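Please look over the sequence and the fold shown here before reading on.

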Amino acid sequence: MTDARPTRRKTSEKAQLTRDDWLDAAAGEVAAGGFGHLRVLTLAKKLGVTRGSFYWHFKDHEDLVVSFLDRWRDRRLHELQYWKPKGGDVETELRQILELLLTDASRNIRRLQVELAVRDFARRNDYAAELVTEVDEARINQNCELYERLSSDPQRIRDLSLLMYVATIGSQVVLTGKKGDAETIRRVEDLMARLALGQRDDN
């Protein structure tokens, strides 16, 4: 009687994909060509799996889009903690926040591409528009926390927060990805800081 050889269970050489793997791949497609570029078959080919694998994680293409938008919103709200005012010297904190928003953001081209794609999609998709509004309001309200230490006028605080937010987003669009533009970015940071500090009640 010969010993039976243990059978070897066949396993996939590729680790089981997660929902986030699909969403990460989707981010690449959205960054490259917007939401019109987002196709299940294309994602499956890039991930090296069959199209059927997609349906383990998502009901359909719409579920993928909604899940992508939800994750974008959640991550944008979560990252607010990294530039939340901590109650220190207002000028120091303002300049640190501007440096984080402009200098660091200018190095992340894909992040900006995704943000612009989401905002473009929001022009024709109500759910995307709701999430963009939610993110914008959260960012502006956090700005207000800092500018409340410069002025006691609620309208001035709100106007300044809105202005600085729009200027920040605009600066990211203009400056992101440009080589040799570090000095320009620092100049913009300084101009924005001086503009905000010039709105102190005692000025």
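Are Phe 35 and Phe 121 buried or exposed? Both Phe 35 and Phe 121 are buried, where buried stands for under 20% relative accessible area, exposed for over 50%, and partly exposed for what lies in between (1.4 Å probe, protein chains only). This is a predicted model, in which local features need pLDDT of at least 70 and side-chain atom pairs count only at pLDDT 80 or more, while totals for chains, interfaces and linings use all residues. Residues are numbered from 1 along each chain as its sequence is written, and side-chain values use heavy atoms, with hydrogens and water left out.

The structure holds 5 aromatic pairs; rings of Phe, Tyr and Trp (its six-membered ring) pair if their centres lie within 6.5 Å, and planes under 30 degrees apart count as stacked, over 60 as edge-to-face and the rest as tilted. Trp 22 belongs to helix H1 (residues 19-33), whereas Phe 54 sits in the loop between helix H2 (40-47) and helix H3 (61-78), so the pair ties together parts that are 32 residues apart in sequence. Helices here (H or I, at least four residues) are DSSP runs, numbered from the N terminus. Trp 22 is buried, with a relative accessible area of 0%, and Phe 54 is buried with a relative accessible area of 0%.

The rings of Phe 35 and Phe 121 have centres 4.3 Å apart and planes at 15°, so this pair is stacked. It links distant parts of the chain, with Phe 35 in the loop between H1 and H2 and Phe 121 in helix H5, 86 residues apart. Trp 22, Phe 54, Tyr 55 and Phe 58, in turn, form one aromatic cluster.

Next comes the pocket (on a 1 Å grid over the protein atoms alone, an open set of points where a 1.4 Å probe fits, with protein on both sides within 12 Å along at least five of seven lines; lining residues have an atom within 4 Å of a point). The largest pocket has a volume of about 320 Å³, and of the 23 residues that line it, the closest to its centre are Trp 83, Leu 100, Leu 101, Thr 168 and Gln 172. The largest share of this lining, 6 residues, comes from H4.

Finally, Leu 116, which lies in helix H5 (residues 109-122), is partly exposed, with a relative accessible area of 39%.

How values were computed: Helices (H or I, at least four residues) and strands (E, at least two) are DSSP runs, numbered from the N terminus. Grid points are joined across faces, edges and corners, and a volume is the space filled by probe spheres set on the points.
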